[in-house]
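Me: I would like to learn how to read salt bridges in a model such as this one. Could you take me through the idea and then through some cases?

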Amino acid sequence: MPGLPRFHLDTSAPHSRRPCHQWPGSWASLQKTVVILCLLLSSTSLSPTHAQTEIPLETVKLWADTFGRDLYDTVTKYSGSLLLQKKYKDVESSLRIKEVDGLELVRKFSEDMETMLRRKVEAVKNLVEAAEEADLNHEFNESLVFNYYNSVLINERDENGNYVELGAEFVLESNAHFSNLMVNTSISSVQLPTNVYNKDPDILNGVYMSEALNTVFVENFQRDPTLTWQYFGSSTGFFRIYPGIKWTPDENGVIAFDCRNRGWYIQAATSPKDIVIVVDTSGSMKGLRMTIAKHTISTILDTLGENDFVNIIAYSDYIHYIEPCFKGILVQADRDNREHFKQLVDELMVKGVGVVNQALTEAFQILKQFQEARQGSLCNQAIMLITDGAVEDYEPVFEKYNWPDRKVRVFTYLIGREVTFADRMKWIACNNKGYYTQISTLADAQENVMEYLHVLSRPMVINHDHDITWTEAYMDSKLFTSQAQSLMLLTTVAMPVFSKKNETRSHGILLGVVGSDVALRELMKLAPRYKLGVHGYAFLNTNNGYILSHPDLRPLYRDGKKLKPKPNYNSVDLSEVEWEDRAETLRTAMINGETGSLSMDVKVPLDKGKRVLFLTNDYFFTDISDTPFSLGVVLSRGHGEYILLGNTTVEEGLHDLLHPDLTLASDWIYCITDIDPDHRKLSQLEAIVRFLTGEDPDLECDEELVREVLLDAVVTAPMEAYWTAMALNTSEKFLTPEDEASIFTMDHFPLWYRQAAEHPAGSFVFNLRSAEAPESPGQPMVVTASTAVAVTVDKKTAIAAAVGVQMRLEFLQRTFWAATQQCGTVEGPCPESCQDSHLDCFVIDNNGFILISERSQEMGRFLGEVDGALMTQLLSMGVFSQVTMYDYQAMCKPSNHHHSAARPLVSPISALLTATRWLVNELLLLLLEWSAWGSWRADSKAEAKAVFHQSHKHKKQDMLQPCDTQYPVFVHQTAIQETNGAIECGACQKIFVMQQIPSSNLLLLVTDPTCDCSIFPLILQEATEVKYILPILHDMPAEGRVEVKETSLRGSDFEKPRPASLTVSIPPSPTEHCDLFSSLPPHSDPPPLGAASDLRSHLQDSWSHQGEFLPELSL
């Protein structure tokens, strides 16, 4: 086969042949696989036309050994690693290594978290009691005149310099406990959305009554200084928040925040519910009526949460599910499904005559099926009927499916100003324990939709069921519009407030909901990082399987220069982060609140996914009592199972602790300083000193951690003098500027520490990192080298410290070029050198990234991006292996296919012509509104609307959306320390030699640059989107197969394949076959937060492990 490149391999080299790697992904990737396979399997009989350059193996080995020795001597000398090892050896007799009991640890953490959360619940209960008592003692006064602190108007003055009405002076001070916002901790303030009149009698009476909460707010905060925001959301629309704060309208002068739309309010005000929305799409709903109907549906969807289940049926002279693949089932009303429904609702078109009987029958059958199978919410069930009128005889449907028990409530929404069918709509609602409302404008939707929540809450009110509600994790960025609120993850504990008045008790009046926020970061401080080892961590999830807190949860993505929350950041499933749990054993156990443990071999991504660690992790888990949360603790096998403990005197430890060159991990909690106001200005070091000297007996400190810090301070005390002496004798600077990625955080140890811990003892891990200087952005400038210091006591080994240096890249290059001048016993100039034009030399790390090259633009890049032939050969010989990693939190550009029936935009010209025709039609119809041309108008308007809709969708093509991706990571196989070979590239051979550089994670590659091997494709380390194709049982021809975005099917009973995906054939009519998905599995009573087998969608911007390098010794 002439013209095809091939390999000549030196079979004497210690390598083993490996099967060609199978590339995942698209057809383009498959073509690449075929090319590579042909290259590897082609004949080797063709003789090269160019002479082969000889590369002496002994010379390359000499270069590698010389460079490795010089490098080891340099980094050992300047890091002081041998001195540090000796110092720990000297104190070995005072050290002990304790084995960590994972189950005991997770139980202890859980108990501490339970105690903390119980205090929050007690604070909320105090507010409930105070609010209900205040309402009981308050008599409604229609003419009440009352001034209160309006959050928008406080401190505002008119043109005369006088305070505006409801805007008196309100003292505000910056408070570190509340994210440095300007607040008043003495009193609360009241916020109202723009569409609520601030002097309405209901508002004035409610605000006046709730003034009684001010005293309770303050007392709660004094009793538990860890409390953050406390608030009362009224059913009338006002929001009382403590501490008081100034509320700023948006750029349009609007206050859009309505507490009744927040998840904590909705979840506390109602029980879980199954909802079927039935919407009229007949011809009479055209124009403004359909716009109002769509807005009404969107508003209803906003009132649903993760405990609820939903579906939407549209009807005219026939019925159809707006998502055909949800036919006959209910899906969990999580954010993904709600947003998906909104997109489909926006595409609804009007046509035909409305026949509601079939739609109501279908809705009742779904609800009955789920109730009998004990699926869905297992609580309230309701139908939301949205129409401009019902004309046919619908009573038999209710007689058959809902009477006499009336287990399903029916809520009716009459759209438009016509009242012809008002009596019929009222009859439907009143005879099915529902509620009737008319929505004639877009502004009416918000208030009128909320009424159904009050109806559903009546059983709770009458029975006085003060259920405690905990929300999923969320970032309430809407809470303080235009305020510098940090985007931290929160959970809210909330309880409903009921009227206790005898005359209204039987009516079931919900007064509102009280709540308090809990910062999840504060909760995770109760699982101290130092107790979990180098790779260990703790995480929280709900009994719905969703992550509350996890070091690999990435809720934000970068949009230009801004960080924004991902669309479904708070519905990331545990199995999407712990994706090695393929059988979902861990997920199932934690959802069920079990206590136990299991082990898994895992692949841990590092350095934004460029590297990977292979670990065996032990998972320990238990529930947190009286909450829907479970806690997990992960310890890695080996040194992660042990903790090093020592002892030293306070006097000696304090002396060394106060050395100016010593710093503590700023995120770690040595002493509690954020509760007592007198302690908040103390640094952790100052607090430790006060604690050890007895200067402040009220300080609470972690005594075990403080003892460890004292020991490390004593052991490392000689290092500063040693480093100072080294710095005086060299012009090289071995200091690293601090940055968040290279320091110890609550979530993880630095990259250089984690890599060193998994590297053989006595060797160094080298990494290239980019310079931070603005004059050279992104350019590789410095190299870090680190090594771990281990201590063995009684045959147990624990990591005591990691130590390292940072050197300029130029220094590393000079050392390398000097080493390659060596040529053994040859006298005079060396016949071969890496700086010769006929040799190409690379120094790469164990993940294939180039540290040294003759071409500066190649440094820092992956070898496969520079020389595809060489990387292909190294993979085929088993020198490197490719590991496929998955990211279920990625963000991708949306695909170009259209899932709606709307006609795609063919060309700008056709769009312009259609739009022009539509405008002409509208002008004519303005004059002939009541003529017989109405049907032609409807068709033209629908066509133009489809064009504009598609134009709008095209504008959004560049917007990122949640997706799943897979990407390769390449790892050197340490068993192969040297090898060589020749690659046939058509008319020439490319020979190469690879040699391990001793005591490091580096490899030396020497190749022949004169042979052009560009026929080999480059090997890129880039992520590709995973396309999921759903399984349908019917066989179809290949042209009938389509790809279905997995985000459009969240909630169906479909297990995401890991790693392989499935194929599917979709028949021409998807409505006939999408119902093959089984319905959601039943769960125990009481139900979890909406547990369901679901198909999850995912997000990404970059991997969370972004460690680089610290300037000094770190412990």
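Reply: Let us begin with one residue and its setting in this predicted model: Lys990 has a relative accessibility of 6% and therefore counts as buried, the cut-off being under 20%.

Me: Which residue meets the side chain of Lys990 in a salt bridge?

Reply: The general idea is that side chains of opposite charge can pair when their charged atoms come close. Here the partner of Lys990 is Asp867, with 3.3 Å from N to O. This pair links distant parts of the chain, since Asp867 lies in the loop between helix 23 (863-866) and helix 24 (868-876), while Lys990 belongs to strand 37 (residues 989-996), 123 residues apart. Asp867 is buried as well, with a relative accessible area of 10%.

Me: Is Asp388, which meets Arg289 in a salt bridge, buried or exposed?

Reply: Asp388 counts as buried at 8% relative accessibility, whereas Arg289, at 24%, counts as partly exposed. Their side chains meet at 2.9 Å, N to O, and the pair again links distant parts of the chain, with Asp388 in the loop between strand 13 (380-387) and helix 11 (395-401) and Arg289 in helix 8 (residues 288-302), 99 residues apart.

Me: What are the relative accessible areas of Asp559 and Lys564?

Reply: Asp559 is partly exposed at 36%, and Lys564 is partly exposed at 32%; the two form a salt bridge whose closest N and O atoms are 2.8 Å apart.

Note on methods: Residues are numbered from 1 along each chain as its sequence is written. This is a predicted model: local features need pLDDT of at least 70, side-chain atom pairs count only at pLDDT 80 or more; totals for chains, interfaces and linings use all residues. Side-chain values use heavy atoms; hydrogens and water are left out. A salt bridge is a side-chain nitrogen of Lys or Arg within 4 Å of a carboxyl oxygen of Asp or Glu. Helices (H or I, at least four residues) and strands (E, at least two) are DSSP runs, numbered from the N terminus. Buried means under 20% relative accessible area, exposed over 50%, partly exposed in between (1.4 Å probe, protein chains only).
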